[in-house]
Amino acid sequence: MSDYAARLVNDVAAADDDGVSIRGIWKAFGNENDRTAVVEDINLRIRRGQFVTLIGPSGCGKSTLLRIVAGLIKPDRGSVSIYGETVCHAAASKHIGFVPQTPALLPWRTVIENVKLPLQINKRSSSERDRRSSDPRELLESFGLGGVLNLRPHELSGGMQQRVAIARAFVFDPMILLMDEPFSALDEFAREAQRRGLLELWQSNQKTVLFVTHSVAEAVELSDVIVVMSSQPGRIRTVIPVNLPRPRGNFVENSAAFHLVEAEVRGRLRNTWGQPE
Amino acid sequence: MTGAPGNDPQSASVNPKKSRWRAMGMQMWIPPLVCFGVIVLAWQLYAVHNAYVIPTVPQIVDQFRTQPGLYWHDMLITLQEAVVGASCGMAAAFLLAVLMSRNRVLERSLMPLAVVLNVTPIVAIAPGLVVAFGFGFTPKYIIAGVIVFFPFLVNALVGLRSPDPEVHDVFITLYASRWEVLWHLELPSCLPYLFAAARICLPLSLIGAVVAEFSAAGETTGLGSLIQTSANQADLKAVYASVVVLALLGIGMTSSIVMLQRRLLSWHSSSRTRSQ
């Protein structure tokens, strides 16, 4: 906990290659005559081991920003560096773990085969990467999925499928985990359980995470830093640090501090709606 | 469908799995068998009184008893024409679909040609092909191939484009090459579409082979040429016996595709029974 607080307080810009920096990102969609800016002038630093959440009304470009960091969309202007590497290099050395909105598992593969997929792809790999990869079986067991290794995705619940998708993103021990509303397709109870699971997981390995959500409670419960975005065009409205103690368990949700942060985020979000540009 | 005798799980008390299986088997097989029996009976009744229009059922069966070698030999030839032609046609269609799925320009330039090939009646092309390629197997292969080409191409193209964009995103973040995306994602996603297409295409190729034989029996005497020569000699028994063999051949082709599909695509919803 003291370690964590120190990291949060220590706002001295760390070396640029330690963490993720997003500098001056602009992106517009549409043809030349009719271009709509989706994100404008986004600057953000994510330090090693930080859990950063992007939140905002729909259409604020939070998913677009995440997809730019994932290398799925090229920005018009600006750059992203992931631990000093370009996005392309980071993808090639499998430093990026991506968890989309739906589990996006391959239905013809069993659970364990799905988790092995990243190991089978782009195998012209350095020995360094092989060392990083973890044993899929052990990984799934640590995710509480040891009993379903040989089942097919359609035999699992939605929550378990999403867990498999997260395990797949973890198999190469990525430097950054990018999650695009991973629990939005789940029902309330499954979402709660998955959120707890992710919290435990994060607390045990302190991975750098960029997480997109539209749930304020989810953002507050999970994050170190909440980035509030406004829409049309998508800009960073404000960055709110979440100074809640870790590890966070059931009690956190009922604490006064939690509600304070939650109220602040809600207030800022209301502001973003109140100012149509 | 009315009623489901024996399908009630509570009525199957001793060995629910086994008796349900039997009940399902009965339900599946009895209605078509009854229909078939009624039609054979009606045929026989009509044939007995109209001997010059259609042969009776025993007469047809008798053909196979007296000349098994003839039908077996001609069946093998027609089967060869259909299967070889269809395999080449499907392989070519699939390769083209892979190329088209990579390259929109290629698709736009070649798709209209494929459509023209498809809408031209195959019967109209057959005589010309015989002139060009002679009386051997070649024109038969070509016709059987041409007839399956378009349905297979369209299905393969839809199948190759069927994967969910989010799965595609995962592959991109893993820095997968185009080849890896094709092998690990697009091909397996395409398989259900290919099987659906094959179920249509293999019986179609049988039509192609028979039509080709009608145009020019030549050296290859398959069931189509047997039908033609028998019809010219007013040998109705042989005509209908050949038709029966062709029908059985079609059933055999379709069911072997279905069996292969069940085995290979157990993960796909089309192979799962609804009760699960």
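**Pairs, edges and an exposed leucine**

In this predicted model, Ile96(A) sits opposite Ile176(A), a residue of β7(A).

User: What makes β6(A) and β7(A) a pair?

Analyst: Two strands need at least two bridges to count as paired. β6(A) and β7(A), the latter covering residues 176–180, have 4 bridges, so they pair, and they do it in the parallel sense.

User: And what holds paired strands together in general?

Analyst: Backbone hydrogen bonds, with the strands running either parallel or antiparallel.

User: Which sheet is β6(A) part of, and what is the strand order?

Analyst: An open sheet of 6 strands in chain A, ordered β6-β7-β8-β3-β9-β10, with mixed pairing. On average, neighbouring strands there are turned by 15° against each other, ignoring direction.

User: Why are β6 and β10 of chain A called edge strands?

Analyst: Each of them, β6 (96–99) and β10 (235–241), pairs on one side only.

User: What about chain A as a whole?

Analyst: Chain A has 10 helices and 10 strands. Of its 277 residues, 41% count as buried. Among its contacts with a separation of 6 or more, 74% are between residues 24 or more positions apart.

User: Over in chain B, why is Leu76(B) called exposed?

Analyst: Leu76(B) has 12 other C-beta atoms within 10 Å. The cut-off for exposed is 12 or fewer, so Leu76(B) qualifies.

User: Where does Leu76(B) sit, and how far is it from Leu249(B)?

Analyst: Leu76(B) is in helix α3 of chain B, residues 68–102. Leu249(B) is 173 residues away in sequence, with 9.8 Å between the two C-alpha atoms.

How values were computed: Residues are numbered from 1 along each chain as its sequence is written. Chains are lettered from A and ligands numbered from 1 in the order in which they are written. This is a predicted model: local features need pLDDT of at least 70, side-chain atom pairs count only at pLDDT 80 or more; totals for chains, interfaces and linings use all residues. Helices (H or I, at least four residues) and strands (E, at least two) are DSSP runs, numbered from the N terminus. A residue is buried if 20 or more other C-beta atoms lie within 10 Å of its own, exposed if 12 or fewer, and partly exposed in between; C-beta atoms are placed from the backbone. Two residues are in contact if their C-beta atoms, placed from the backbone, lie within 7 Å. Axes are lines fitted to C-alpha atoms, for helices over the stretch in contact, and angles run from 0 to 180 degrees between N-to-C directions.
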